[in-house]
Amino acid sequence: RSGIPSLHTFTDEEQMLRETVSKFAQDVVGPKVREMDENEQMDPSVIQGCFEQGLMGIETSADHGGAECSFTSAIIAIEELAKVDPSVSVMVDVHNTLVNTVFRTYGTPEQRDKWLPQLAESKLGSFCLSEPASGSDAFALQTRAVKDGDDWIINGSKMWITNSYEAEVFLIFANIDPSKGYKGITCFIATKDMGIQIAKKEQKLGIRASSTCTLNFDDMRVPAANVIGGEGKGYKIAIEILNEGRIGIAAQMLGLAQGAFDRAVPYTFERKQFGQAVGTFQGMAFQQARAAIDLESARLLTYNAARLKEEGRPFTREAAMAKYWASVVAQSVSGQAIEWAGGVGFTRETGIEKYWRDSKIGAIYEGTSNIQLQTIAKFIQKQYS
Ligand code: CAA
Ligand code: FAD
């Protein structure tokens, strides 16, 4: 029963999706995980499989080629994929919770008709906010867009952009009027052929199959029709989408922690020392019990935030809590899982050490853990000061 949330009810459709994604993750992604990690490359057949499985338009309406499922369904898919490979999980997460959601929420009918079917069917998306000099301070971005007739000319650089090595559709945040500060930030839709240059592909500690690149824009011409959400509205789009996206990262970290737990615990009941299974020593059993509590708490926070979002209730504080806590749990459970398996846990053979390497990113992207704490603290200050 591992990974089945206990205090939440799921629709039949959501339960079925969990089972389908779990099977896809184990059968199709599973055999590629180690090779993709070692080659630092997402296998094209895995990307294609995600499209074929309907995982690239989970919330997208059926008339736009999507699966028309709930937000919670997207979160379930991210969690199930992360149990097997957090890299594939973040690819699907960014594509759905960040890219598709911008189109679904802020796109004009024409933009939705044009882009959503492509994104559901075959074209991978990237969300380009961070820059070399602006990570946490995202609204200080330096990329500029200047109007030229019916086009915008974009100049600047983006850094650490997930999916960007394979992506064909890019949401780029640029400032059209720096005199207005962050109220000049505008979101543009761009395609690779408009002149997006991949300047550098990062080599990373974890989620190594997920591409992370620096992008340069050198007088890149984008049609005015590709402004999404309105001029000067980009900062609000970015943070409102990130509030949702953070629930996705919480689900990724939850799935990762559960995946490590599921991989290591059975070993502790097979491995015998001093004449008994090592998992039956109280020192080990209590560690596993505490990890189970951590997993349950991360699960409850994550699905609570997802349901609040889905019901149209305030969820920013709960999303920050879920992302913060699931990242803590992912690091601690995957770290302990290595120790539970002893020497073999430290080798590449078991795949357990990879979960730990992959866990570190949870406290960094989509807002560092300090940014989540700052977000939560602002609610406390508002209520009590
Ligand atoms: N929700 C809604 N609105 C928010 C908000 C939130 N959580 N935080 C701030 N805002 C709004 C404020 O209301 C304000 O808007 P108005 O002027 O219209 O009222 C505006 O943003 C500025 O507010 P602040 O001055 O308080 O904000 P700031 O400039 O100090 O920082 C921030 C704002 C950049 C959003 C920062 O809090 C933050 O979240 N930084 C992290 C950036 C981030 O998450 N980047 C992720 C990149 S994508 C990615 O990482 C994907 C991936 O890896 C997979
Ligand atoms: P900094 O902001 O420089 O932070 C450094 C340290 O200072 C952190 O510990 C931070 O918590 C702390 N700090 C900063 N400000 C404060 C404060 N006010 N109070 C307390 N402490 C503070 N970005 C995208 O736009 N799109 C993507 O697809 C994307 N994918 C990514 C994938 C990977 C693998 C990585 C590593 C990053 C990705 N990012 C992406 C960028 C990511 O969102 C940023 O790295 C993150 O927001 C942190 O920014 P930074 O790296 O500049 O760190």
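Helix α7 gives the shell around ligand 1 its largest share, 5 residues. Helices here are DSSP runs of H or I with at least four residues, strands are runs of E with at least two, and both are numbered from the N terminus. This is a predicted model, in which local features need pLDDT of at least 70 and side-chain atom pairs count only at pLDDT 80 or more, while totals for chains, interfaces and linings use all residues. Residues are numbered from 1 along each chain as its sequence is written, and chains are lettered from A and ligands numbered from 1 in the order in which they are written.

Start with the ligand 1 site. The shell holds 20 residues, and A138, I239, Y365, E366 and G367 are the closest. A residue is near a molecule or strand when its C-beta atom, placed from the backbone, lies within 6 Å of it. Three helices each supply at least two residues of this shell: α5 (86–106), α7 (234–270) and α12 (369–384). By class, the shell around ligand 1 splits into 11 nonpolar, 7 polar and 2 charged residues. Ala, Val, Leu, Ile, Met, Phe, Trp, Tyr, Cys and Pro count as nonpolar, Asp, Glu, Lys and Arg as charged, and the others, Gly among them, as polar.

Now turn to ligand 2. It also has a shell of 20 residues, with G135, S136, T162, T368 and N370 nearest. The elements giving two or more residues to that shell are β1 (125–128), β3 (151–162) and α12. Strand β3 provides the largest share, 3 residues. The classes here are 9 nonpolar, 9 polar and 2 charged.

Next comes the helix packing. Two packed helices are described by the angle between their axes and the distance between the axes. The axes are lines fitted to C-alpha atoms, for helices over the stretch in contact, and the angles run from 0 to 180 degrees between N-to-C directions.

Take α5 and α7. Their axes come within 10 Å and cross at roughly 155 degrees. The two helices are therefore roughly antiparallel to each other. Angles over 145 degrees count as roughly antiparallel, under 35 as roughly parallel, 65 to 115 as roughly perpendicular and the rest as oblique. The crossing of α5 and α7 is right-handed. That means the near helix is turned clockwise from the far one by less than a right angle; anticlockwise makes a crossing left-handed. On the α5 side, the contact residues include P86, S89, D93, T97 and Y106. On the α7 side they include I237, E244, G248, Q252 and L256. By class, this contact has 9 nonpolar, 7 polar and 2 charged residues. Two residues are in contact if their C-beta atoms, placed from the backbone, lie within 7 Å.

The crossing is left-handed. The residues of this contact divide into 20 nonpolar, 5 polar and 3 charged.

Helix α11 (residues 352–359) meets α7 too: the axes come within 9 Å and cross at roughly 160 degrees. That makes α7 roughly antiparallel to α11. This crossing is left-handed. M253, L256, G259, A260, R263 and A264 of α7 meet I352, Y355, D358 and S359 of α11. The contact has 6 nonpolar, 2 polar and 2 charged residues.

How enclosed is α11? It is largely enclosed by the rest of the structure, because 7 of its 8 residues are buried. Buried means 20 or more other C-beta atoms within 10 Å of a residue's own, exposed means 12 or fewer, and partly exposed is in between; C-beta atoms are placed from the backbone. The buried residues are I352, E353, K354, Y355, W356, D358 and S359.

G255 sits in helix α7. It counts as buried because it has 31 C-beta neighbours inside 10 Å. Beyond four places in sequence, its contacts are I78, E79, E80, L81, A82, K83 and S89. L81 lies 174 residues from G255 along the chain, yet their C-alpha atoms are separated by 7.3 Å.

Y303 belongs to helix α8 (residues 282–310). Y303 is buried, with 23 other C-beta atoms within 10 Å. Y303 and K204 are 99 residues apart in sequence and 29 Å apart in space, C-alpha to C-alpha.
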